[in-house]
Amino acid sequence: MLFNTVLPLTLLGTAVQALWTQTPLATNALAHTDASSNLETPFNIMNLSSVQSEGSFTTLSHPRFPNHGVRIKKSNFCDPTVSVYTGYLDVDQGAKHLFFYFFESRRDPAKDDVMMWINGGPGCSSSLGLLFELGPCSIDIKGVSANGTTWNPYSWNNDANIFFLDQPVGVGYSYADFGETVETTEEAARNVHAFLTIFFETFKQLSGRPLHLSGESYAGRYLPVFASEIYDQNLIAKAEGRSTINLQSILIGNGITDVSTLYEGLYDIQCSTSALEVPFQTIGNCVQIKAALPRCQAGMRKYCIDQFDHIGCGATIEFCDNHIRGPFWESGRNVYDVSMVCESQDLCYPEDEAIREFLDLPSTRAMLGAESPGNFSLCSDIVGHNFVSHLDKWAHHTQDYVAALLERGIRVLIYAGTYDWQCNWVANKLWVDKLEWTGNEAYKKEEWRSWFVNGKAAGETKESRKLTFASVYGAGHMMSVFGSTSFGPWSDP
């Protein structure tokens, strides 16, 4: 089964299905530019169905974001059963361009919720999630299709309208005109909020729909910050009598959120039975890793957590990586699925190269309206290095954003496959267990219970109030490539 296709939606339950409406926008709030005429005319609200051109963009602007714009076109990419749109968010007076895909729901696009999916890295394209995990089509690795992709019957757009966003600038098809960069999650959050605001306020049929932010890996850092930016900006909008974004939940799969539990989890997966029935790491290495762990944890606490010191934290990370990550890298195991052994990490998934080649084809670029210079890359080393230079995930207590969202009624789902090492389920369980919020004691008192697929236990879950945690047996980092059983979407576990 494609575990990640339905697990997050299943565990969120009825909250994801609830619909919510709000007051229509004031007239003349937006401006519309037709790319074919280059004429900007005022209008009330558009409908997505009015975007018909597959050869040119329709350009949208918003008075609250004078330095931002959205270009959108229709596309016949990937899913012939629904309306598909692609385009760019142009920010900073048009100097930066963030690429997105938008697929309407297969079920009821006029009523279904809206989701946004982003991949991690930092610096990796959401096309990986689209074509390898949860999107309407999958990359055709066997060469059996005429168009390079195959139908995915388990796609998340079975039940939701969904965005796939390449962010920050420099990722995937996203690009900058003059070498501008985005190097922190907080900066990226402002662009994401602007994009969502313009889109929701432009297209009437989406205004007021429940929004769910989803993603994996570094999205454990991204999404809590993005959701908090949306929530805080909603307060300002409400006070000023403007429409708000109906944010309902965040869904984080195999994410990195609280770095305080990271290395304990990395040790546990390779040296205990938390992943495999017999630990795969050598006894000698496990003894050395265990001996290094207290020093690693103490340094993390002193330099990265209690008080951030860039030099001290950087030195601690280097020590921890050398002594705890190093033995794993030498083992030949796949960092995203410890049950696999690869000649090199680049060879673990041939789909990666197939996706890169497919999205670099001139015909694919033309179909999507992609304008990025140079060759397409699934992950940008430059973007990754820029974020690391700020120690972006280490310098902030991202779990505090999660706690604050829970206190304000935003649902949170943390799910993780038991075979992932990079952002493993043990580390995620540990930080969720100790999360400081008013529901912590109630969460601790809840019993772990199995959740089932066709009568077979597929993992364990625990939930209290707005917080849910779930493990997925035998799944790795990219969950769609694991498992063999399917179950229907939107059902209770």
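Modeller: Let us start with helix α5, bearing in mind that this is a predicted model; the buried residues of α5 are L262, Y263, G265, L266, Y267, D268, I269, Q270 and C271.

Colleague: Is helix α5 largely enclosed or open, and how many of its ten residues are buried?

Modeller: A residue counts as buried when its relative accessible area is under 20%. Because that holds for most of the helix, which spans residues 262–271, α5 is largely enclosed by the rest of the structure, and the number of buried residues among its ten is nine.

Colleague: What covers the buried residues of α5?

Modeller: The cover includes both helices and a strand, the strand being β15 (337–341). The helices among the covering elements are α6 (283–305), α12 (425–433) and α7.

Colleague: Turning to T316, which helix holds it, and why does it count as buried?

Modeller: T316 is found in helix α7, where its contacts, leaving aside residues up to four places away in sequence, are C296, G299, M300 and Y303. Since buried means under 20% relative accessible area, T316 counts as buried because its relative accessibility is 8%.

Colleague: Which element gives the most to the lining of the largest pocket?

Modeller: The largest pocket holds about 1,400 Å³ of space, and of its 45 lining residues the closest to the centre are G121, C124, Y336, C379 and Q422. At least two lining residues come from each of β12 (211–217), α7 (310–331), α8 (350–360) and α10 (381–389). With six residues, the element that gives the most is α7.

Methods. Residues numbered from 1 in each chain as written. Predicted model: local features only at pLDDT ≥ 70, side-chain atom pairs only at ≥ 80, totals over all residues. Heavy atoms only, no water. 1 Å grid on protein atoms, 1.4 Å probe; cavity = no way out; pocket = protein on both sides within 12 Å on 5 of 7 lines; lining within 4 Å. Points joined across faces, edges and corners; volume = space filled by probe spheres on them. Helix = DSSP H or I, 4+ residues; strand = E, 2+ residues; numbered from the N terminus. Buried < 20%, exposed > 50% of the residue type's maximum accessible area, 1.4 Å probe, protein only. Contact = heavy atoms within 4.5 Å.
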